[in-house]
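This briefing is intended for a reader new to the structure shown below.

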Amino acid sequence: MASEHHEGGSGPVAAPQDGTAATAATPDPKTAAAIAAAEAAGPQNGETVRVDSWIWAVRLIKTRSLGATACRGGHVRVNGERVKPAYALRVGDEVRLRHEGRERVVVVKRLIRKRVGAPVAVQCYVDNSPPPPPREAVAPAGVRDRGAGRPTKRDRREMDRLRGLEGLSSSRRDAGSRP
């Protein structure tokens with residue numbers, strides 16, 4: 001009889017008694033509302049979305065123009081093919097994006113045109129990216145005593161050597177000797 005009561009469309013028909021699967025399947029109300037708004041603003045049945053617009057909308061890159069530039073530079077591949085910014089993306093396509101020294105591999109789950117918040121954006125793709133490389137332990141810049149003044153040339157070279165920037169100091173020397 002409980003299932004007859006829910007036929008009007010308000011709420012799920014068969015909810016588990018323990019509540020564990022229901023909470024895992026349904027996101028919080030704010031995220032659910034944002035997903036509904038993104039779907040409403042997205043393409044209708046059978047329509048497609050530009051790849052540069054989609055990678056911007058799901059927050060893989062910061063600006064749409066960076067997405068278009070990445071496509072033109074050959075850093076975006078869809079199903080193994082280099083694509084132009086206006087390539088029509090479909091659900092199920094695999095998008096490979098090389099950006100900021102990292103390769104992202106995502107499979108399109110949902111097409112959206114407008115940029116959405118991070119919790120909603122994550123639900124628009126399946127991330128198959130390799131883990132990011134470990135951050136290199138960068139030696140801290142030489143901490144100088146207060147009032148010690150500017151570092152000397154010898155101090156600068158020593159700091160560059162500690163940071164692993166030995167080649168940079170020689171290029172500085174070359175750049176400074178040019179007329």
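D52 counts as buried because its relative accessibility is 2%, where buried means under 20% relative accessible area, exposed over 50% and partly exposed in between (1.4 Å probe, protein chains only). The model is predicted: local features need pLDDT of at least 70 and side-chain atom pairs count only at pLDDT 80 or more, while totals for chains, interfaces and linings use all residues. Residues are numbered from 1 along each chain as its sequence is written, and side-chain values use heavy atoms, with hydrogens and water left out.

- D52 is placed in helix α4; helices (H or I, at least four residues) and strands (E, at least two) are DSSP runs, numbered from the N terminus.
- Apart from neighbours within four places in sequence, D52 is in contact (heavy atoms within 4.5 Å) with R64, G67, A68, C71 and P85.

**Cysteines**
- C71 is buried, with a relative accessible area of 4%.
- C124 also counts as buried, at 0% relative accessibility.
- The search of the whole structure finds 0 disulfides, a disulfide being a pair of cysteine sulfur atoms within 2.5 Å.

**Nonpolar core**
- The largest nonpolar core has 25 residues, of which W54, I55, V76 and V95 touch the most other members; such a core is a set of buried Ala, Val, Leu, Ile, Met, Phe, Trp, Tyr and Cys residues joined through side-chain atoms within 4.5 Å.
- Two or more residues of this core come from each of α4, α5 (64-72), β2 (76-78), β5, β6 and α6 (118-122).
- Helix α4 gives the most, with 4 residues.
- Leaving aside neighbours within four places in sequence, the contacts of W54 include L60, L89, V95, V106, C124 and Y125.

**Aromatic pair**
- In the whole structure, 1 aromatic pair is found; rings of Phe, Tyr and Trp (its six-membered ring) pair if their centres lie within 6.5 Å, and planes under 30 degrees apart count as stacked, over 60 as edge-to-face and the rest as tilted.
- W54 and Y125 form this edge-to-face pair, at 6.3 Å centre to centre and 75 degrees between the planes.
- The pair links distant parts of the chain, with W54 in helix α4 (residues 51-57) and Y125 in strand β7 (residues 125-127), 71 residues apart.
- Both W54 and Y125 are buried.

**Strand pairing**
- Strands β5 (residues 94-99) and β6 (residues 102-108) run antiparallel and are joined by 6 bridges; two strands pair if DSSP finds at least two bridges between them.
- R98 has E103 in β6 as its bridge partner.
- β6 also pairs with β7 in the antiparallel sense, over 3 bridges, and V106 has D127 in β7 as its bridge partner.
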